[in-house]
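Visitor: I have a protein model to look at. Could you walk me through how its parts pack?

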Amino acid sequence: MNGAELYKKKGCDAVIAVGGGSPIDCAKGIGIVVSNEQHILEFEGVDNVSIPAPPLICIPTTSGSAADVSQFAIINDTKRKVKIAIISKKIVPDISLCDPVPLTSLTSDLTAHTGMDALVHSIEAYVSNASSPVTDIQALESIRLISAYLPLAYHNPDHIGYRYKTMLGSLLAGLAFSNASLGAVHAMAHSLGGLSDLPHGECNALLLESVIDYNFEVCPERYETIAQTMNVDCSSHDPQEIKQKLLSALQALRTELGITERLGDLGVSRENIADLAKSAIRDPCLATNPRKPTVSDLEHIYEGAL
Ligand SMILES: [Fe+2]
């Protein structure tokens with residue numbers, strides 16, 4: 001809201017965002033507040049933006065959020081302590097300048113967290129009930145690139161070639177989820193992020209396995225394709241065996257990236273779970289999760305990740 005005030009005071013005519021998901025989403029927020037003259041929280045939900053924002057140019061410095069190509073803006077409502085989602089084609093940026101060089105300035109934690117965020121984007125877009133043959137191509141190529149190159153970029157942070165592959169993976173994930181939307185991991189991570197401002201990608205990484213465990217039975221063939229794309233041996237075609245192998249591969253990936261905690265280690269306690277589930281059930285990302293959870297299902301998934 002301060003940014004929108006400054007924009008008007010200085011007579012600006014465009015916004016340039018440099019950074020990760022937070023500054024880019026802030027820039028999207030400034031744009032729609034300026035053009036619609038409404039409070040930022042009034043845009044919560046899907047398609048609640050009437051007038052498009054002024055031109056927005058993005059220069060992403062992480063390979064994770066894909067905010068530079070997405071129709072999403074995640075804004076922290078500090079009063080309700082929840083991260084709200086604003087979803088509208090009117091906030092898709094006009095130009096995105098994707099260059100891997102700025103990624104070499106990321107710390108190893110940010111590389112790991114933002115990279116896992118991108119992987120969750122492509123997995124959730126692929127199993128989304130709004131997926132399509134076009135988003136499937138983007139999501140699977142993204143899964144292939146990120147699962148193969150994120151560990152290499154993590155261990156070789158100055159290698160432009162590896163950074164380029166993770167940036168391309170993140171970009172493709174963004175194109176996929178901007179059309180197919182996301183799922184329960186993101187709904188639950190938004191709720192966690194609002195409660196205690198934990199890193200978004202880390203929350204996703206810690207919830208992903210529990211959500212797959214819950215979702216698997218409604219689309220085992222989709223998860224088998226994800227496993228194959230990650231080079232997991234699926235020759236048995238036994239769904240239960242493939243599920244366990246996929247969960248083990250994801251656990252090994254995040255362990256290699258130094259994400260070894262559980263939600264409990266990050267300060268989340270059993271007493272928080274009812275509130276977390278109540279806010280996650282209202283998140284618009286849940287609408288495209290392949291299995292429709294109840295509040296008690298969400299509580300159970302949070303408990304599984306504690
Ligand atoms: Fe995300």
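Visitor: What is the strand order of the open sheet of three strands?

Guide: This is a predicted model: local features need pLDDT of at least 70, side-chain atom pairs count only at pLDDT 80 or more, and totals for chains, interfaces and linings use all residues. Residues are numbered from 1 along each chain as its sequence is written. Strands are DSSP runs of E, at least two residues, and helices are runs of H or I, at least four, numbered from the N terminus. The pairing in this open sheet is mixed, and the order is 2-5-4.

Visitor: In which sense do strand 2 and strand 5 pair?

Guide: Strand 5 covers residues 82-87, and two bridges join it to strand 2. In one of them, valine 46 has isoleucine 87 as its partner. The sense is parallel.

Visitor: At what angle do the axes of helix 7 and helix 11 cross?

Guide: Axes are lines fitted to C-alpha atoms, for helices over the stretch in contact, and angles run from 0 to 180 degrees between N-to-C directions. Helix 7 (residues 200-215) and helix 11 (residues 295-305) have axes that come within 9 Å. The crossing angle is roughly 130°.

Visitor: What term describes how helix 7 and helix 11 lie to each other?

Guide: Angles under 35 degrees count as roughly parallel, over 145 as roughly antiparallel, 65 to 115 as roughly perpendicular and the rest as oblique. The axes cross at roughly 130°. Helix 7 and helix 11 are therefore oblique.

Note on methods:
Pairing = 2+ DSSP bridges.
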